[in-house]
2 protein chains.
Amino acid sequence: MSNANPARGMRDFLPTDVRRREYVIGIIKQVYESYGFEPLETPAVENLETLTGKYGEEGSQLIFKILKRGEKLSANDKELADLALRYDLTVPLARVVANYRNDLPKFFKRYQIQPVWRADRPARGRFREFFQCDVDAIGSKSVIIEAEILSAASEILQRLGFEDFEIRLNHRELLRALLDKAGISESQHNDALVAIDKLDKIGREGVSKEFAQRGIDDEAGNNLFDLFERISRIGAEIKKDGFNINGEILAELTGFLDSLNNEWDDVLDQLKDILNLSGIDDSHIIIDPTLARGLSYYTGAIMEIVLTGGDFAGSIGGGGRYDELIGMFGKEQIPACGFSLGLERIIVVMTERNMFPADLQNASADVLVTIWNEDSAGESLKLANDLRSKGLRVLVYPEADKLGKQFKYASQVNAPFVCVLGETELAENKVTLKNMQSGAQETVSREDIVKKIQS
Amino acid sequence: MSNANPARGMRDFLPTDVRRREYVIGIIKQVYESYGFEPLETPAVENLETLTGKYGEEGSQLIFKILKRGEKLSANDKELADLALRYDLTVPLARVVANYRNDLPKFFKRYQIQPVWRADRPARGRFREFFQCDVDAIGSKSVIIEAEILSAASEILQRLGFEDFEIRLNHRELLRALLDKAGISESQHNDALVAIDKLDKIGREGVSKEFAQRGIDDEAGNNLFDLFERISRIGAEIKKDGFNINGEILAELTGFLDSLNNEWDDVLDQLKDILNLSGIDDSHIIIDPTLARGLSYYTGAIMEIVLTGGDFAGSIGGGGRYDELIGMFGKEQIPACGFSLGLERIIVVMTERNMFPADLQNASADVLVTIWNEDSAGESLKLANDLRSKGLRVLVYPEADKLGKQFKYASQVNAPFVCVLGETELAENKVTLKNMQSGAQETVSREDIVKKIQS
């Protein structure tokens with residue numbers, strides 16, 4: 001008798017789990033398809049060299065490597081692995097774009113919802129196999145892309161039932177302009193960004209300390225923090241009064257950058273255009289100059305979606321423009337902008353907030369048909385097929401058994417109705433229909449069963 | 001610049017490929033759900049020990065093993081791997097049944113459609129990552145299970161558009177009874193079954209030779225082959241005349257087994273019941289006493305579905321009852337019956353036979369909306385969102401560009417319609433709608449677009 005648990009950090013998805021995932025994925029796919037994004041799937045297994053060097057040193061440690069096989073696995077070989085499990089969906093996308101450039105349209109908009117594997121230490125909410133849910137648009141530098149990506153993400157969240165989401169929007173070049181203007185030299189920009197990324201968690205004092213440790217000028221830091229605080233006040237004020245919050249923030253940023261110097265006008269215009277074109281209500285989107293996002297490959301707009309409500313605050317998605325990454329397997333640079341929804345986190349929050357439709361809970365069947373005895377089994381199966389042809393999901397009790405046991409099984413699988421086809425019913429060409437919730441029973445003609453069940 | 005190909009034996013699924021797979025999987029799921037089967041998903045990665053010893057010596061060679069990580073990977077360790085990729089869906093099911101026995105209903109009917117990985121030598125139609133599509137019902141020995149599994153598989157094939165499928169039905173115990181009766185001793189049964197399994201390919205002469213090589217009595221072999229030929233003749237005859245083909249075959253088998261000895265009546269009754277209860281038309285199901293099916297774990301009914309038409313003859317699914325396998329991770333034996341549809345082969349045949357709906361080919365969007373210039377981009381996006389809210393899939397050209405280029409892109413992505421929103425159209429609150437197939441253009445009011453596109 002072996003251990004029957006799934007491997008460490010891996011999960012089995014029992015029927016209710018699968019249904020919940022499929023419900024969320026179904027809405028995501030429907031919305032992305034309505035925006036013309038197309039599905040892409042890549043294999044779980046990639047050549048190790050495809051992944052090597054793409055995820056930094058820390059990432060490399062987390063790649064699951066696959067042992068060479070047969071004669072390829074020689075004892076003297078230093079490299080024991082030749083393949084590896086997919087680590088994210090971006091590197092495979094870059095590989096696909098390079099490999100099928102001529103088969104893909106000029107602008108390739110794809111979504112991809114597949115598991116990835118990381119040999120991380122498992123923890124609450126952190127698994128070694130988890131789904132990523134990426135959307136990327138390739139081939140255009142236009143902000144129409146950013147606007148549509150945010151618009152789609154916003155529609156997905158609304159259709160899933162989220163009301164307390166806030167899209168935070170920033171721009172890498174704006175951030176660098178602010179750092180410049182504040183007096184932080186370009187060589188210190190990356191250090192500063194790493195520290196600013198923690199502003200949410202460690203506050204102004206914490207970031208100030210990090211600035212000091214990294215030798216960033218005190219006054220420069222204060223210039224920046226003062227600006228951030230003014231903008232944060234605008235955010236807080238507007239929520240009460242209904243002003244044009246993002247307009248005020250943009251004005252503040254324009255002032256800080258110096259309106260006489262229009263070097264940065266293009267970046268501010270991009271943000272304005274994204275806001276306007278996305279059509280997202282101001283209550284769900286805000287320009288946040290403190291948003292840094294860790295990944296170094298972003299080159300333009302960056303965005304993050306957070307839930308602001310109560311116990312479940314935190315990020316449920318993020319992305320941005322990365323114009324210099326997708327060409328890594330090819331000869332040319334290809335502009336790209338992408339967004340990743342935190343599918344696993346969305347499912348956790350929806351579960352804790354009871355946001356799934358009630359009928360996902362008892363979805364194994366709409367009705368159970370009983371078997372009276374072996375001779376009448378054929379009649380029960382015919383009835384079942386008849387009900388299926390009318391669109392019902394029908395479970396047949398697989399054996400002739402005591403009715404009590406058959407009702408008990410119906411409860412166990414949460415079937416809301418049971419059709420009893422006993423001797424009397426067969427003789428009269430009728431069915432006794434039991435409502436499992438109310439316990440009510442009535443004898444109805446076969447034609448009326450579907451109507452009764454649906455009402 | 002790295003190699004951009006997928007790893008050996010692995011496939012990328014571009015949008016049209018994904019859509020085809022999803023079309024087939026969608027119908028399979030819908031039908032299985034209508035029979036009360038529930039979805040199960042298990043992780044791609046299993047503990048190596050979970051898989052070890054489950055697939056025979058040949059199978060063991062084909063398991064992809066995952067290298068240990070960090071300090072676990074010591075140079076002195078003989079075992080370099082601790083995890084492995086899922087090799088089939090049956091062992092994970094057995095593990096799940098053992099692990100969640102108390103959470104699962106008494107009868108657990110599950111379907112599972114997930115990839116498996118085998119380090120096989122890639123060949124035409126043979127991949128190292130491929131989908132399996134299994135349905136299994138656990139907990140009952142009743143033939144109602146077999147009947148429903150066949151009925152569901154038959155419905156799936158019909159809904160996919162297959163007309164030339166034939167279900168071959170046999171029973172492991174019937175086979176053994178026939179061997180006994182023919183005069184083949186029990187110790188030679190397995191040898192005989194291995195040879196009979198090849199009857200389709202190598203014919204009576206070939207199997208006779210193998211019998212001789214394995215020391216099986218010549219007369220016993222001839223008894224058996226004569227029976228098989230009589231039954232084969234019944235099959236051929238009936239197809240012309242519309243007799244009760246399976247009734248005739250059962251009568252022939254009963255005669256051969258000796259009607260005075262009713263030891264085997266139960267097995268013949270099981271086959272009769274499966275035929276009757278499944279409700280499948282005689283033109284699609286036939287009792288075939290030569291069907292052996294390789295896997296040794298079957299204990300009762302065995303079945304296979306073949307396509308009989310023209311170039312694409314061959315098996316597209318198979319299964320049977322295996323009452324002694326599913327308990328491998330637990331303490332108790334649990335009866336089970338399962339069926340596996342050959343998803344990859346079904347997709348190949350459907351592609352070659354052009355069985356996919358035409359609109360899967362140009363499914364990236366129902367309509368492309370053009371961008372006239374940067375100032376009117378907002379209007380184009382509004383129009384797009386309006387059309388989406390009415391259920392259309394809408395692609396927006398991401399940039400202001402020459403109209404000719406935008407039409408060219410619409411062709412490239414097979415969008416059947418283009419909405420042009422130019423200066424005149426904006427002024428008049430209308431849209432020019434171009435039918436990309438006919439080339440016809442007409443100016444319509446915004447309200448009429450959806451109607452025009454759908455008609």
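In chain B of this predicted model, 5 strands form an open sheet of mixed pairing in the order E13-E12-E14-E15-E16. Strands (E, at least two residues) and helices (H or I, at least four residues) are DSSP runs numbered from the N terminus, and two strands pair if DSSP finds at least two bridges between them. The edges of the sheet are strand E13 (394-396) and strand E16 (441-445) of chain B, each of which pairs on one side only. From one strand to the next, the twist averages 30°, where angles run from 0 to 180 degrees between N-to-C directions and axes are lines fitted to C-alpha atoms, for helices over the stretch in contact. Packed on this sheet is helix H13 (residues 377-389) of chain B, which touches strand E12 (367-369), E13, strand E14 (417-420) and E15 of chain B; contact here means heavy atoms within 4.5 Å. The direction of H13(B) makes about 170° with that of E13(B).

Strand E15 (residues 430-435) of chain B pairs with E16(B) in the antiparallel sense over 5 bridges, and B:Val431 has B:Val444 as its bridge partner in E16(B). In chain A, strand E15 (residues 430-435) and strand E16 (residues 441-445) run antiparallel and are joined by 5 bridges, with A:Val431 opposite A:Val444. The hairpin of E15(A) and E16(A) has 5 residues between the strands, and A:Gly439 in this hairpin takes a positive phi near 85°.

The two chains also meet through helices. Helix H13 (residues 377-389) of chain A packs against helix H5 (residues 143-160) of chain B at an angle of about 30°, with 12 Å between their axes. H13(A) and H5(B) are therefore roughly parallel, a term for angles under 35 degrees. The crossing of H13(A) with H5(B) is right-handed, that is, the near helix is turned clockwise from the far one by less than a right angle. On the H13(A) side, A:Ala377, A:Leu381, A:Asn385 and A:Arg388 meet B:Ile144, B:Ala147, B:Glu148 and B:Ser151 of H5(B). By class, this contact comprises 4 nonpolar, 2 polar and 2 charged residues.

As for confidence, the model scores ipTM 0.93 and pTM 0.94. Chain A averages a pLDDT (the predictor's confidence in each residue, from 0 to 100) of 92, and 96% of its residues score at least 70.

Residues are numbered from 1 along each chain as its sequence is written, and chains are lettered from A and ligands numbered from 1 in the order in which they are written. Local features need pLDDT of at least 70 and side-chain atom pairs count only at pLDDT 80 or more, while totals for chains, interfaces and linings use all residues; side-chain values use heavy atoms, leaving out hydrogens and water.

Methods: Angles under 35 degrees count as roughly parallel, over 145 as roughly antiparallel, 65 to 115 as roughly perpendicular and the rest as oblique. Ala, Val, Leu, Ile, Met, Phe, Trp, Tyr, Cys and Pro count as nonpolar, Asp, Glu, Lys and Arg as charged, and the others, Gly among them, as polar.
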